[in-house]
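Let's go through the labels on this structure and ask what each one rests on. Have the sequence and the coordinates open as you read.

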Amino acid sequence: MNRPLRHVWLVISVLFVLLFTSTTYFQVVAQDRLNAHGENDRTRYNEYGRHRGPIVVDGEVIASSQESGDTYGYLRGYDPGAMYAPVTGYYSVVYGFSGIERALNDTLSGEADALFYHRISDILSGKQGRGATVELTLDSGAQEAAWEALDGRRGSVVALDPETGAILAMVSSPSYDPNRLASHNIGAVQDAWTELNEDPQRPLTNRAIGGDLYPPGSAFKLVVAAAALESGTATADSVIPGPGTYQLPNSSSVMNNHAGGGTEPCGPGEESTLADALRQSCNTSFALLGQKVGEDQLRSTAEEFGFGQRLEIPLSVTPSSIGTDLDPAQLATTSIGQFETRVTPLQMAMVAGTFANDGVVMQPQLVRAVRTSDLSTVAELTPDELGQPVSAANAAQMRQMMVGVVEDGTGTAAAVDGVEVGGKTGTAQWGQDRAAHSWFVGYGQTDEQKVALSVVVEEGGYGSQTAAPIAQDVMEAVIDP
């Protein structure tokens with residue numbers, strides 16, 4: 001071969017190698033990055049052009065896809081929208097997705113690995129590909145009762161089955177209409193997005209599992225009492241001090257015994273049983289008890305309930321927490337659910353559920369089943385234990401004390417005829433010159449049915465007056481006495 005031909009061959013070979021390398025890079029190495037690029041319209045049209053699977057509650061479709069007649073192919077619709085929006089989330093051609101739409105995107109779009117053989121079957125049979133159906137654990141009656149009872153007030157309600165971890169209600173208020181974000185009118189979607197994000201009420205936040213979290217106030221006394229029982233520090237019948245006021249150690253601050261500044265002591269001689277202290281919600285009793293239990297035991301018990309854990313239900317749950325390296329004054333205020341104690345309503349429902357389930361805390365779950373378009377089951381809820389913070393015997397003591405709170409204490413407004421109801425109210429201070437958050441955490445049960453729940457109403461004042469009646473409505477929706 002002469003020199004000119006060798007030069008031509010060399011140039012062609014180099015060009016071929018460059019072409020092969022660039023093609024390989026863009027089609028293999030950079031594929032995911034290019035597909036995810038925000039300006040890749042073809043990927044966007046391909047994504048929104050799929051027939052997305054429905055989201056279902058109690059056999060009724062609450063999120064579905066319909067042919068849109070435009071370049072996107074399908075329009076996602078939500079009915080009813082706002083009541084379920086914190087769970088379903090939105091599916092937007094402009095702002096992506098949130099909630100279940102995001103957490104189970106591969107399942108709903110049909111791209112999940114578990115649906116591989118179903119996709120092959122559709123291809124071979126010539127059917128249009130469809131995403132899977134996601135059936136939620138929510139109870140429509142409980143969800144509606146919680147939604148209506150909150151009545152637009154800022155707050156959240158979470159109810160769950162304490163034996164399986166199935167979430168029966170998850171309401172966050174105020175909410176929003178996801179149809180406004182799912183629209184294919186880009187300008188309208190952008191206007192809605194701006195409005196929702198600038199709203200000081202934070203309607204896009206799922207308060208049940210995230211956001212700024214809440215101080216639990218006296219509802220946290222359930223965790224302190226459980227730690228005391230489990231460590232052998234006290235029993236329900238143990239007599240503990242409960243003075244009308246308590247000078248915090250090495251501090252100029254004085255703790256009053258009751259919410260609202262009441263200084264009545266707990267029992268004659270400024271002492272009472274642990275059960276009576278819980279029933280009357282005595283702050284000084286639990287501040288002193290928490291110090292006796294100690295930070296290590298309190299933290300260990302809280303962690304066994306789920307504090308500090310990153311849960312996926314499959315929505316991501318912000319971990320609840322208590323302060324660290326606490327001095328005696330900080331430990332005292334932590335023990336009444338203040339200082340740096342911060343919780344999600346889901347976490348507090350898990351605490352109540354533990355006592356109703358003989359001391360075993362279950363993994364909370366939002367998905368009951370995943371099914372293909374031909375109704376084949378891909379996945380089903382399987383109850384999963386997270387741990388056992390308290391023994392069955394100590395859980396029974398906790399239930400007995402919580403029943404006392406509802407029968408003859410601060411939680412009487414949560415009582416349901418014919419149902420064993422136990423609980424704890426909370427009135428959580430959280431800011432200067434701001435009304436306290438209102439809490440109720442508890443359970444209801446008969447021989448056939450159980451439900452555990454937590455209710456928080458932001459700036460709702462006394463838990464006994466605001467949160468407890470909401471809990472009553474939700475329990476009545478779940479349990480047939």
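Q: What makes helix 8 roughly antiparallel to helix 18?
A: This is a predicted model, and in it helix 8 (residues 140-150) and helix 18 (residues 467-478) pack at an angle of about 160°. Angles over 145 degrees count as roughly antiparallel, so helix 8 gets that label against helix 18. Their axes run 8 Å apart, and the crossing of the two is right-handed.

Q: Which residues of helix 8 and helix 18 meet?
A: On the helix 8 side you'll find Gly-141, Ala-142, Ala-145, Ala-146, Ala-149 and Leu-150. They meet Ile-470, Asp-473, Val-474, Ala-477 and Val-478 in helix 18. Sorted by class, that contact has nine nonpolar, one polar and one charged residues.

Q: What makes the contact between helix 11 and helix 17?
A: Helix 11 brings Leu-222, Ala-225, Ala-226, Leu-229 and Glu-230, while helix 17 brings Asn-394, Gln-397, Met-398, Met-401 and Met-402. By class, this contact has seven nonpolar, two polar and one charged residues.

Q: Why do strand 3 and strand 17 stand at the edges of the sheet?
A: The sheet is open, with six strands in the order 3-2-1-6-16-17 and mixed pairing. Strand 3 (74-78) and strand 17 (377-380) each have a single partner strand, so one side of each has no neighbour in the sheet. From one strand to the next, the twist averages 20°.

Q: How do you know that strand 16 and strand 17 pair?
A: Two strands pair if there are at least two bridges between them. Strand 16 (residues 367-371) and strand 17 have three bridges, in the antiparallel sense, so they qualify as a pair. For one of the partners, look at Ala-369, whose bridge partner in strand 17 is Glu-380.

Q: What makes Cys-266 and Cys-282 a disulfide?
A: The cut-off is a pair of cysteine sulfur atoms within 2.5 Å. Here the S to S distance is 1.6 Å, so the pair passes. The count by this rule comes to one disulfide.

Q: Why is the disulfide of Cys-266 and Cys-282 called right-handed?
A: The torsion about its S-S bond is about 55°, and so the disulfide is right-handed. Cys-266 lies in the loop between strand 11 (254-256) and strand 12 (271-273), and Cys-282 in the loop between helix 12 (274-280) and helix 13 (283-293), so the pair ties together parts that are 16 residues apart in sequence.

Q: Which values go with the cis peptide bonds at Pro-174 and Pro-314?
A: Omega is about 0° for the cis bond joining Ser-173 and Pro-174. For the cis bond from Ile-313 to Pro-314, omega is near 10°. Pro-174 sits in the loop between strand 8 (167-173) and helix 9 (179-182), and Pro-314 in the loop between strand 13 (311-312) and strand 14 (316-317).

Q: What is the phi of Asn-250?
A: Asn-250 has a positive phi of about 50°, although it is not a glycine. You'll find Asn-250 in the loop between strand 10 (245-247) and strand 11.

Technical notes. Residues are numbered from 1 along each chain as its sequence is written. This is a predicted model: local features need pLDDT of at least 70, side-chain atom pairs count only at pLDDT 80 or more; totals for chains, interfaces and linings use all residues. Side-chain values use heavy atoms; hydrogens and water are left out. Axes are lines fitted to C-alpha atoms, for helices over the stretch in contact, and angles run from 0 to 180 degrees between N-to-C directions. Helices (H or I, at least four residues) and strands (E, at least two) are DSSP runs, numbered from the N terminus. Angles under 35 degrees count as roughly parallel, over 145 as roughly antiparallel, 65 to 115 as roughly perpendicular and the rest as oblique. A crossing is left-handed if the near helix is turned anticlockwise from the far one by less than a right angle, and right-handed if clockwise. Contact means heavy atoms within 4.5 Å. Ala, Val, Leu, Ile, Met, Phe, Trp, Tyr, Cys and Pro count as nonpolar, Asp, Glu, Lys and Arg as charged, and the others, Gly among them, as polar.
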